[in-house]
Amino acid sequence: MADERLQVASRPAEGGTCPGCGQTVDGARCAWCGVATSPNGYVVEKVIARGPHGRVYLARDAEGRAVALKELQFAQVPTTAEIDAFEREAATLAQLSHPRIPKFLRSFTEGVGVGLRLYLAAEHVAGEPLSARIARAPLTEAEARDVAKQVLEVLAFLHGQRPALVHRDVKPDNLILRPDGGVALVDFGTARALSGTRTFGSTLVGTFGYMPPEQLGGTVDPSSDLYALGATLLHALSGKPPGELLRPDLALELPANVPASLRPFLLGLLERDPKLRLRSAQAALDVLEGRSVRAQKPKATRPIFLLFGVAAVALGISVLGLSLAIRPMNLVTLPVPSPDTRGLPYGSDAAKRWFTQQKPRCNALEVTQAIRQSPPPPGWDGAGYAASCYALAGRVDDARRTLAQVDPRAQPNAAAILFELGHPIADSGDDLSAAQMMNLVLEFWPQNYQARYHAGMSDYALGHTEQARANLERFLREYHQNDGFTRAAREVLSRIQNGQASDGVRRGPQE
């Protein structure tokens with residue numbers, strides 16, 4: 001009977017409505033927006049979240065149970081980091097059983113080549129992200145204490161695994177408030193098992209503002225999650241993200257609306273020096289519940305170093321997380337973009353709105369005056385959209401100068417905006433524009449193997465054979481799938497080796 005229901009569920013109703021865009025759809029995927037309707041028997045009801053590389057669906061299984069179905073479109077991910085994180089989340093959830101962690105159901109793939117999609121099915125956690133609750137009003141002291149207690153219990157469970165498991169991205173977007181008052185911790189794509197009591201030089205992931213300073217260098221231990229919880233609670237109590245609470249000396253300001261009774265606890269979580277930080281989730285619980293006292297030090301002796309508050313951005317030390325580069329946007333926590341900015345990749349709503357307004361003027365005649373009259377919002381995202389506007393207008397040098405002014409640690413994320421907006425140009429076969437834009441991306445984000453491929457192919461079409469050779473050889477070292485992209489790259493390299501010039505026809509998979 002279950003098999004029968006599965007087969008029925010996998011056949012979308014003829015003339016049905018797409019759960020993503022509302023268009024009529026009569027197949028397994030909407031031809032208008034690409035939303036899946038019935039992957040592997042799950043019936044999709046709606047899109048919970050979407051990003052440039054995939055979506056998260058609310059779906060039903062053959063028994064009618066609600067499922068969170070995460071989809072990753074293989075051909076759209078700019079680095080292997082997203083694929084590794086996706087697979088890591090499935091492997092991690094499959095090993096865990098805790099009432100405040102989503103239950104793993106299954107993982108599977110559909111399609112081949114550029115149509116390949118990866119799926120992760122897990123228990124759907126009903127409720128709302130803590131970030132949505134904070135947006136309405138700060139938490140009361142009692143509410144914050146309750147959230148802290150529940151999260152610390154989950155962290156004690158994770159850190160008590162053998163080897164210890166560190167989440168590495170505790171933040172309001174990844175804490176779901178259930179209708180019954182429970183709190184669930186989600187998004188385990190960044191979780192890392194420790195090698196010993198602490199891991200050094202690991203792939204660095206996390207979110208600016210919430211992760212501790214040692215995580216920037218790839219060093220994590222259980223107290224890294226405690227720091228992130230402290231930053232999350234500070235956001236929840238003050239209503240302000242951590243990046244807005246930095247003083248000029250980079251110390252963290254605890255606003256007056258943070259209850260005095262919680263300050264020693266928060267400062268114990270937010271110590272910059274891990275050796276001075278509360279050392280375990282149980283120790284933090286003891287302080288929270290009054291079983292232990294945490295002495296509060298004078299502010300002058302406690303500069304708490306927090307990075308700028310950019311949501312859903314991660315850093316990396318290796319190709320997996322990018323070499324001191326940024327893995328753009330955590331898929332699970334991406335909100336559905338508002339209609340006026342739909343399709344724009346990353347950054348704040350202010351930066352997206354700025355680009356939406358300026359895009360008609362991103363041409364050679366108007367771009368300089370347009371940006372002078374209406375400068376972009378500050379930050380890496382504003383710079384990324386401004387550089388993209390310059391690049392679309394053919395002003396590559398101006399785009400380069402704009403990206404060069406960004407903090408080097410955030411330059412890859414700004415370049416990711418340029419990549420996403422330039423990718424359709426590369427796909428369209430405009431080699432002159434694509435070569436300029438993709439090579440510019442690589443100056444600030446050298447680990448982007450998709451940009452490397454497009455730059456190499458366009459360089460070859462334009463007769464820049466040595467640059468094409470360098471780009472395509474590196475692409476093949478970093479991209480290991482045996483598909484149309486690798487075959488096209490090898491073909492062009494063979495032509496270069498044989499002294500064959502481009503025949504003017506753009507080469508590569510056109511699926």
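These legends walk through close-up views of aromatic ring pairs in a predicted model. Residues are numbered from 1 along each chain as its sequence is written, and side-chain values use heavy atoms, leaving out hydrogens and water. Local features need pLDDT of at least 70 and side-chain atom pairs count only at pLDDT 80 or more, while totals for chains, interfaces and linings use all residues.

**View 1. Aromatic pairs in the model.** Rings of Phe, Tyr and Trp (its six-membered ring) form a pair if their centres lie within 6.5 Å. By this rule there are five aromatic pairs.

**View 2. Tyr42 and Phe108, a stacked pair.** The ring centres of Tyr42 and Phe108 are 6.0 Å apart and their planes meet at 10 degrees, so the pair is stacked (planes under 30 degrees apart; over 60 is edge-to-face and the rest tilted). Tyr42 sits in the loop between strand S2 (24-25) and strand S3 (43-51), and Phe108 is 66 residues away in strand S6 (residues 104-110). Strands are DSSP runs of E with at least two residues, and helices are runs of H or I with at least four, numbered from the N terminus.

View 3. Buried means under 20% relative accessible area, exposed over 50%, and partly exposed in between (1.4 Å probe, protein chains only). Tyr42 counts as buried at 7% relative accessibility, and Phe108 counts as buried at 9%.

**View 4. Phe419 and Trp445, an edge-to-face pair.** Here the ring centres of Phe419 and Trp445 lie 6.4 Å apart with planes at 85 degrees, so the pair is edge-to-face. Phe419 belongs to helix H13 (residues 411-428), and Trp445 to the loop between helix H14 (431-444) and helix H15 (449-461), so the pair ties together parts 26 residues apart in sequence. Phe419 is buried, with a relative accessible area of 0%, and Trp445 is buried with 0% too.

**View 5. A cluster of rings.** Tyr42, Phe108 and Tyr119 are linked into a cluster by ring pairs.
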